[in-house]
Amino acid sequence: MKKILSVFLSVLLLASFGMMAGAECAHEYDATYHSPTCIEPGYTEFVCGLCGDRIEQINVPANGHIYGEWESLAEATCTQTGLAKRTCRICGGVETDTVSMTAHADADGDRVCDSCDYVFEKKEDTGLSPYEWLKLFFANIIAWIKAIFA
């Protein structure tokens, strides 16, 4: 008899646990709002106080960085690029960028760059004399007229 009663109580106990496991939680959510940052969206997190179920709902997109002015880290020269940075005013995130090399300069006219040893090539005058220019001009006019009436 004790065995039958013991088995009956065990089955009854297991059945009651089974019903409780299959039962739905009557969720009671508490909401917590998380503000957006420069790179993360703002969202509301709902957590059930009874079972711990979590739901996130995005409400606001990320703000994006708000950068300050560019600062020079390394000046560009005629032989190497420079480097500049700017910093986000909100989160302190840093963005860097290269600065293009500058052109060679010859302020004193000695055909050598004032910053490095680059030697400028001598430019030869390839311009036409007035006589050669008129001769070429009239030759082109004659060729144009021949092409029209040919």
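Reader: Why does tyrosine 118 count as partly exposed?
Author: Tyrosine 118 counts as partly exposed because its relative accessibility is 37%, where buried means under 20% relative accessible area, exposed over 50% and partly exposed in between, with a 1.4 Å probe and protein chains only. This is a predicted model, in which local features need pLDDT of at least 70 and side-chain atom pairs count only at pLDDT 80 or more, while totals for chains, interfaces and linings use all residues. Residues are numbered from 1 along each chain as its sequence is written, and side-chain values use heavy atoms, with hydrogens and water left out.

Reader: And phenylalanine 120, what's its relative accessibility?
Author: Phenylalanine 120 has 23% relative accessibility, so it also counts as partly exposed.

Reader: How many aromatic pairs turn up in the whole structure?
Author: A search of the whole structure finds three, a pair being rings of Phe, Tyr and Trp (its six-membered ring) with centres within 6.5 Å, called stacked if the planes are under 30 degrees apart, edge-to-face if over 60 and tilted for the rest. Tyrosine 118 and phenylalanine 120 are edge-to-face, because their planes stand at 85 degrees, with ring centres 5.2 Å apart. Tryptophan 133 and phenylalanine 137, by contrast, are stacked, with 5.4 Å from centre to centre and 5 degrees between the planes.

Reader: Where do tryptophan 133 and phenylalanine 137 lie?
Author: Both belong to helix H2, residues 130-149, and are four residues apart, which is about one turn of the helix; helices (H or I, at least four residues) and strands (E, at least two) are DSSP runs numbered from the N terminus. Tryptophan 133 is partly exposed at 49% relative accessibility, and phenylalanine 137 is partly exposed as well, at 37%. Together with Phe138, Trp133 and Phe137 form one aromatic cluster.

Reader: Switching topic: is glutamate 45 buried or exposed?
Author: Glutamate 45 is buried, since its relative accessible area is 15%, and its place is in strand E2, residues 42-48.

Reader: Which side chain does it make a polar contact with?
Author: The side chain of glutamate 45 is joined to that of arginine 54 by a polar contact of 3.0 Å, meaning a pair of N or O atoms within 3.5 Å, where within protein one must be able to donate a hydrogen and the other to accept it, and residues adjacent in sequence count only if both atoms are side-chain atoms. Leaving aside neighbours within four places in sequence, the residues in contact (heavy atoms within 4.5 Å) with glutamate 45 include Asp30, His34 and Ile55.

Reader: What pattern does the chain follow overall?
Author: Along the sequence the pattern is α-β-β-β-β-β-β-α, with two helices and six strands. Of the 150 residues in the chain, 9% are buried.
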